[in-house]
Amino acid sequence: MSALSTPAPIETEVTRLLGIRYPIIAGPMFLVSDPELVAAVSNAGGLGAMPSLNWRTAEEFRQALRKLKSLTSKPFGVNLIVNQANPRQKVDLDICVEEKVPLVITSLGNPKETIQRMHEVGGKVFCDVTTLEYALKVQGLGADGVVAVSAGAGGHAGPTSPLVLLPYLKKNLKIPVIAAGGVVNGAQMASTLMLGASAVQIGTRFIATPEAKVDESYKNAILRSKPEDIILTKKISGTPVAVIRTPYTDQLGTELNFLEAALLKNPRTKKYMKMVRAYLGSETLKKAVTGPTWKEVWSAGQGVGLIEKITPAGDIVHEIAREFHDAVSTFHQEHAGTSSETSRAQREI
Ligand SMILES: Cc1cc2nc3c(=O)[nH]c(=O)nc-3n(C[C@H](O)[C@H](O)[C@H](O)COP(=O)(O)O)c2cc1C
């Protein structure tokens, strides 16, 4: 951690709910997040999260949780994929319940059982959403918050601009909204809070950390890429995943072939096809993440354009908090003429 002083806390509905100092979640990242990265973020006052499927077996996942607990006493999160294509969803949920995981972030599928069982042990559940329709459904099931995954995000990006998605969800929901997609610095975090978010979930920026156990070639690609290098491909999981454009992704193409698309649509073959696609996609990703290979498929969001250096994960949390405070006070100074008194007077003219 850097020698700079610890920035002042930033209080929101989410920091109160989770008992954390800053509304900054390091998003779960397949093949990237591990206990060291998660603990560094949680120890710095944010909240780190990791996907249960980063471990080959449920038992290895349990051991990883225990290691994480030995590295931090602060709240942390686990991502569970709760659709039928994930054969581990039940056993991984059992482990989250037994190990009293403070926050579960669900993706895809129906989070009903996850919400019920985590609530029984005092855990909180946030659900990834990209539409209001699904957000209302999970709110009805008792979710504690929604992660609004917008256009520009790494991983499975949503289709909608955060400028629209955040206020749209905020206006129509009672539970907190967490902004995911493209956030790299504190000014961006301030803008998401202005739009109605109560926290940010950041993925891509945390790949450019010493803690992320991925090959240097991946980290270098994050540092040198521009926003327009990010493309969406269906070749990894069947649904659009944001990746950095490389000669290999050009060769691979971004659309499923006719047979794959048909099998993914057919109700009888859908589930198995999803499992096969997910398996093949994760094998390709694994090779690209763990070592240099010409088959370069690296997931990242448009925020790559704003990432300039490798920074320890805990320092990133503090840097963003510091930038947030600076952005807010600069905004007040630069717009001193539009103080609440002035704008009220103007509205009344
Ligand atoms: C390499 C990578 C892997 C990801 N894997 C997962 C995952 O397994 N589960 C999940 O819920 N989100 C996953 N995400 C999404 C992140 O948790 C987070 O919501 C997203 O990265 C936010 O957008 P940003 O990358 O622009 O910051 C992944 C993102 C990246 C970049």
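In the predicted model, the interface between domain 1 and domain 2 buries about 1,200 Å². Carbon and sulfur atoms contribute 67% of this area. On the domain 1 side, the residues that lose the most area to domain 2 are Leu31, Ala85 and His156, which together account for 36% of what that side buries. The interface is formed by 13 residues of domain 1 in contact with 17 residues of domain 2.

The protein chain is divided such that domain 1 comprises two segments, 13-213 and 309-330, while domain 2 covers 225-302. A distance of 23 Å separates the C-alpha centres of domain 1 and domain 2.

The number of salt bridges between the two domains is 0. The side of domain 1 that touches domain 2 consists of 7 nonpolar and 6 polar residues, with no charged residue.

The ligand is surrounded by 21 residues. The closest of these are Pro28, Asn79, Gly182, Gly203 and Thr204. By class, the shell around the ligand divides into 8 nonpolar residues, 12 polar residues and 1 charged residue.

Ser107 places a polar side-chain atom 3.4 Å from an oxygen atom of the ligand. The ligand taken alone exposes 610 Å², of which the protein buries 91%.

Note on methods: Residues are numbered from 1 along each chain as its sequence is written. This is a predicted model: local features need pLDDT of at least 70, side-chain atom pairs count only at pLDDT 80 or more; totals for chains, interfaces and linings use all residues. Side-chain values use heavy atoms; hydrogens and water are left out. Domain bounds come from an automatic or database domain assignment. Contact means heavy atoms within 4.5 Å. Buried area is the accessible area (1.4 Å probe) that two parts lose on being put together, summed over both. A salt bridge is a side-chain nitrogen of Lys or Arg within 4 Å of a carboxyl oxygen of Asp or Glu. Ala, Val, Leu, Ile, Met, Phe, Trp, Tyr, Cys and Pro count as nonpolar, Asp, Glu, Lys and Arg as charged, and the others, Gly among them, as polar. A residue is near a molecule or strand if one of its heavy atoms lies within 4 Å of it. A polar contact is a pair of N or O atoms within 3.5 Å; within protein, one must be able to donate a hydrogen and the other to accept it, and residues adjacent in sequence count only if both atoms are side-chain atoms. Accessible areas come from the Shrake-Rupley method with a 1.4 Å probe; for residues, only the protein chains shown count as cover.
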